[in-house]
Number of protein chains: 2
Amino acid sequence: MAVPFDPLKLENQICFPLYACAKEIVKAYKPYLDELDLTYTQYITMMVMWEHKELRVKEVGKYLYLDSSTLTPLLKRLEEKGYVARRRSTEDERDLIVSITDAGTALREKARTVPARLAACVELEPQKAAELYQTLYQIIGTLTKKQGKF
Amino acid sequence: MAVPFDPLKLENQICFPLYACAKEIVKAYKPYLDELDLTYTQYITMMVMWEHKELRVKEVGKYLYLDSSTLTPLLKRLEEKGYVARRRSTEDERDLIVSITDAGTALREKARTVPARLAACVELEPQKAAELYQTLYQIIGTLTKKQGKF
DNA sequence: TAATATTTAATCTCGTGCGATTGATTGTAG
DNA sequence: CTACAATCAATCGCACGAGATTAAATATTA
């Protein structure tokens, strides 16, 4: 008896393992990020700030696929921790400029070992990691093109 | 000049595209799930209920990698919508048994076209989808084994 | 220039998610 | 049998994340 393929079964979903995997990875980061007093979203925000030093909220959002409703409170928390500074642009008062502080730059040193420690947790072969990376960005590209905004 | 590989750059992360991709996919589901008056998490919960008809909260959580702090309010919302029923087990009063209702079963018909419509959005080649599926479950397996609970 | 449209960060509401705790129930060991 | 441990769902606090709206500033157009 052939069992018909059921597209509404959880095990036949491609999106569910993606959703679950993302959650489990964020969970895996937690012990390492706790040492830095950062959540995962704050961590990737700091990554963007470490690289660019100074960005408008809009630009941070473009890198992270997040909008101001998420970023505004998050950046305020990072400001409270002393890792970033927030000020209005003088050229265009609509823009809020986020810049890295010395403490923020210093935090980068503490974070240096995080990627390797996380990678050790995930134990993914380089070949598969590369394929995964390519496929994920392909999907992101397809979806964000359709949804506009990015 | 060789540019040194920087593991703290966003573009060198494997976890970030996973996180971003999961979010974009949930966003892509939205228009289709709006028709069913379900969020994504409610949708996958219904998927589990369509398949198993009756489960303890603990078991639902085992399938979805969620615990009662997320599921209890979510299941109450599904109960309000009339898609599931909640009752205490008589054999073990600690267990709460979730069961699908007729309205919940009927909803499955309305949901039938969702997977195909979403797949059309994502536009992923079957070969890549299969690899992605395998890799994601491999990672989930590695992480959940380490983190216990599952 | 004056009215209108656009852009931007911020705010509000709702629904997850997670860690930690609580309280009730059941299982277990002395 | 009784103290103790384990197992549940539920609750609480906090931090996202998205959609919708707001208010201010800037750009565009009539």
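Two strands are said to pair if DSSP finds at least two bridges between them, and helices (H or I, at least four residues) and strands (E, at least two) are DSSP runs, numbered from the N terminus. The structure is a predicted model, in which local features need pLDDT of at least 70, side-chain atom pairs count only at pLDDT 80 or more, and totals for chains, interfaces and linings use all residues. Residues are numbered from 1 along each chain as its sequence is written, while chains are lettered from A and ligands numbered from 1 in the order in which they are written.

**View 1. The open sheet of chain B.** In chain B, 3 strands form an open sheet in the order β1-β3-β2, with antiparallel pairing. β1 and β2 of chain B stand at the edges with a single partner strand each, so one side of each is left without a neighbour in the sheet. From one strand to the next the twist averages 25 degrees, where axes are lines fitted to C-alpha atoms, for helices over the stretch in contact, and angles run from 0 to 180 degrees between N-to-C directions. α3(B) packs on the sheet, touching β1 and β3 of chain B, and its direction makes about 90 degrees with that of β1(B).

**View 2. Bridges to β3(B).** Strand β1 (residues 54–56) of chain B pairs with strand β3 (residues 96–100) of chain B in the antiparallel sense over 3 bridges, and B:R56 has B:I97 as its bridge partner in β3(B). Strand β2 (residues 84–88) of chain B also pairs with β3(B) in the antiparallel sense, over 5 bridges. Here B:R87 stands opposite B:I97, and B:R86 has B:V98 as its bridge partner.

**View 3. The contact between chains A and B.** In this interface 51 residues of chain B are in contact with 51 residues of chain A, two residues being in contact if their C-beta atoms, placed from the backbone, lie within 7 Å. On the side of chain B that touches chain A, the elements giving two or more residues are α1, α2 (40–52), α5 (102–111), α6 (114–122) and α7 (126–147) of chain B, and the largest share, 15 residues, comes from α7(B). The residues of this side divide into 36 nonpolar, 4 polar and 11 charged; Ala, Val, Leu, Ile, Met, Phe, Trp, Tyr, Cys and Pro count as nonpolar, Asp, Glu, Lys and Arg as charged, and the others, Gly among them, as polar. Of the interface residues of chain B, 100% are also interface residues in chain A, so the copies meet through the same surface.

**View 4. The relation between the two copies.** A rotation of 180 degrees with 0.0 Å of shift along its axis superposes chain B on chain A (RMSD 0.0 Å), which is the relation of a two-fold axis. The copies are superposed by least squares on the C-alpha atoms of residues with pLDDT of at least 70 in both.

**View 5. The surface near DNA strand D.** DNA strand D is surrounded by 24 residues, of which the closest are A:T41, A:S69, A:E93, B:V57 and B:S69; a residue is near a molecule or strand if its C-beta atom, placed from the backbone, lies within 6 Å of it. The largest share of this surface, 4 residues, comes from α4(A), and its residues divide into 4 nonpolar, 8 polar and 12 charged.
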